[in-house]
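Please read it with the structure open beside you.

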Amino acid sequence: RTEEHPAREHTPPNPLEALESHSMDAASNPANTSQPTCELHFSVEGLWGPGVYASRSQSAHKVIGCMLLVGVLGWAAHVMQSASLERAYMISGTSLCFAGSYLGLWVLIFSAPEHVLDGLVWSYAERDLVQQQHLAISCLAITGGILEILWAACGSSQRGGLSFRHDGWHVLWAMNEAMIGVLFLIHPQHSGSRGVMIHTSLGMCMTYAAMFLMVSKIKGFPPSVEEDFTVMMAGTSQVIACALLIAYQEPPEEIHKGVNKWCNGAWPLTIGAYCLALVSQGIILTHVAWHRCPSFFNRICGGGLESVIDCLDSWCTMGGRFAQSLCAMFGHDDQTNSSDGNVNGGNLNSSNAQRGRRRRRTRRGSDSNEADYEMCDMKSDENLFREREAIYEDDEDLSDGAIYDDDDDNDDDDNNDV
């Protein structure tokens, strides 16, 4: 029996061979791997034909660029003294609202109008990071346009205490518009390095334009262009951005591929852009409702909302002071006078005359105070009168008219007296 069934030799398994076989199985079948894979791009075959998405995207870039250029022309008309400041705000705000509304409608309808009813375009926009950033840019642009329209419509009237002339509103506007430039900086592109370079330049120009225009708004747009170079920098940056949008060329694709928002690091910043637009619109609505129905808010919140409004006002004041510090960094003064030498000379002479009158009146005030102190030491008004009479007789250089004359018609005589 031992010869028919020899003893089998027991060999332990080799861990290296087991690891190698496991790696070969994982390579042959990726689904068996324990680590999940995230696909950056996903293909869309039935939504657009070859080159259709590129053509429609290129047309949208041109339309939005032309709308933004209208706002630039509104500010240029004000700088050239052809339009009032309120009208420039209204033109710029309207162009921003139209551009933002058109971009949102393009994402949801105009990009694929034949697939609106079946819901394919909406499901694609919900998954694609590029379309999500387009919707965020739409919300930010509409918010900035509403702020400018409210500045022009409600700022001058101040009906019921409602006003949007605080510098904090300019800071809030700049935050929304600068966020648009930031989203363009991280905007995914299908055209390679050329598209990345164009959108990077576009984002930088829009961010610079928002910051420079905020400074000009806080300064109140001085009438002379030489005194306010920030408005020239803002206009130049915005014109370059509009030119890049109008001249943008989208490369055609056989099959358009979307960008998975869950696999791209720019998705959290896109959520932040949504939150900024939502919070800004909430602040606007709260400000309007608070001044329209203050009793309703006091009854609901029991007066607790007043502390919230005061807190928001303090934050807006801090933002305005920060913006004013930016104005000071550029070497501008909000109280800049005219550069005419004659006018400056006249202001200097008048200021010297006023300073002389103030010194003379100060001297009179000090003399009267001394007299009052002496009156306290005197026992009777008769002794005080006699003492003053003796002082007036001894002082031959001063007369009663020089001491008690309050007429300021002759400035030269006043300066000589001083």
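**Salt bridges in the predicted model**

The model shown here is predicted. Searching the whole structure gives four salt bridges. Side chains of opposite charge can pair when their charged atoms come close. Some of the pairs are described below.

**E114 and R56**

- E114 and R56 form a salt bridge, with 3.5 Å between the closest N and O atoms.
- This pair links distant parts of the chain, 58 residues apart: E114 sits in the loop between α3 (85-110) and α4 (120-127), while R56 belongs to helix α2 (residues 52-79).
- E114 is partly exposed, at a relative accessible area of 45%.
- R56 is partly exposed too, and its relative accessible area is 24%.

**R165 and E86**

- A salt bridge joins R165 to E86, whose closest N and O atoms are 3.5 Å apart.
- R165 is in the loop between α5 (129-154) and α6 (167-185) and E86 is in helix α3, so the pair ties together parts that lie 79 residues apart in sequence.
- R165 has a relative accessible area of 28% and is partly exposed.
- E86, with a relative accessible area of 30%, is partly exposed.

**E126 and K261**

- E126 forms a salt bridge with K261, and the closest N and O atoms are 3.3 Å apart.
- Because E126 lies in helix α4 and K261 in the loop between β2 (257-259) and α9 (267-292), this pair ties together parts 135 residues apart in sequence.
- E126 counts as partly exposed, at 45% relative accessibility.
- K261 has a relative accessible area of 5%, so K261 is buried, which requires a value under 20%.

Methods
Residues are numbered from 1 along each chain as its sequence is written. This is a predicted model: local features need pLDDT of at least 70, side-chain atom pairs count only at pLDDT 80 or more; totals for chains, interfaces and linings use all residues. Side-chain values use heavy atoms; hydrogens and water are left out. A salt bridge is a side-chain nitrogen of Lys or Arg within 4 Å of a carboxyl oxygen of Asp or Glu. Helices (H or I, at least four residues) and strands (E, at least two) are DSSP runs, numbered from the N terminus. Buried means under 20% relative accessible area, exposed over 50%, partly exposed in between (1.4 Å probe, protein chains only).
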